[in-house]
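Good morning, colleagues. Please look at the sequence and structure as I bring them up.

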Amino acid sequence: MHRVGCSSLGASLGAVFHRKIIAEGVETLAHGAALLQMGCHFAQGDGITRPMPAGQFHEWTLQWQKNAIWKSIVLPEQA
């Protein structure tokens, strides 16, 4: 519960100050979905991809697709 409260607070502060939020440590699709619903705009973590050598990053970005679960979520500013 503590993590949810902190994440929600961070997303709320971002909205108040008109800042995009980056969620760190996203481990699962469910974590990512919950953070999107709270208003986080960007994320990093093993739930998106495992660490990789810098030389592989560009190729990964060309192939990565947003998960269907995440595509279906309406961000708070779009509601």
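Predicted model: local features only at pLDDT ≥ 70, side-chain atom pairs only at ≥ 80, totals over all residues.

Of the 79 residues in the protein, 20% are buried.

Let me turn to the layout. The protein has four helices and two strands, and along the sequence they follow the pattern α-β-α-β-α-α. If we take the contacts between residues at least 6 apart in sequence, 40% of them join residues at least 24 apart.

I now come to helix α2, which spans residues 29-38. Which of its residues are buried? They are Gly32, Ala33, Leu35 and Leu36. Viewed down the axis of α2, these buried residues fall within an arc of 165°, and therefore they line one face of the helix. On the face turned away from that buried side, α2 carries the exposed residues Ala30 and Gln37. Just after α2 comes Gly39, which takes a positive phi of about 110°.

My last point concerns Ile21, located in the loop between α1 (2-16) and β1 (22-24). Is Ile21 buried or exposed? Its relative accessible area is 16%, and because buried means under 20%, Ile21 counts as buried. Ile21 and Cys40 are 19 residues apart along the chain, while their C-alpha atoms are separated by 4.8 Å.

Thank you for your attention.

Conventions: Residues numbered from 1 in each chain as written. Heavy atoms only, no water. Buried < 20%, exposed > 50% of the residue type's maximum accessible area, 1.4 Å probe, protein only. Arc of directions from axis to C-beta. Contact = heavy atoms within 4.5 Å.
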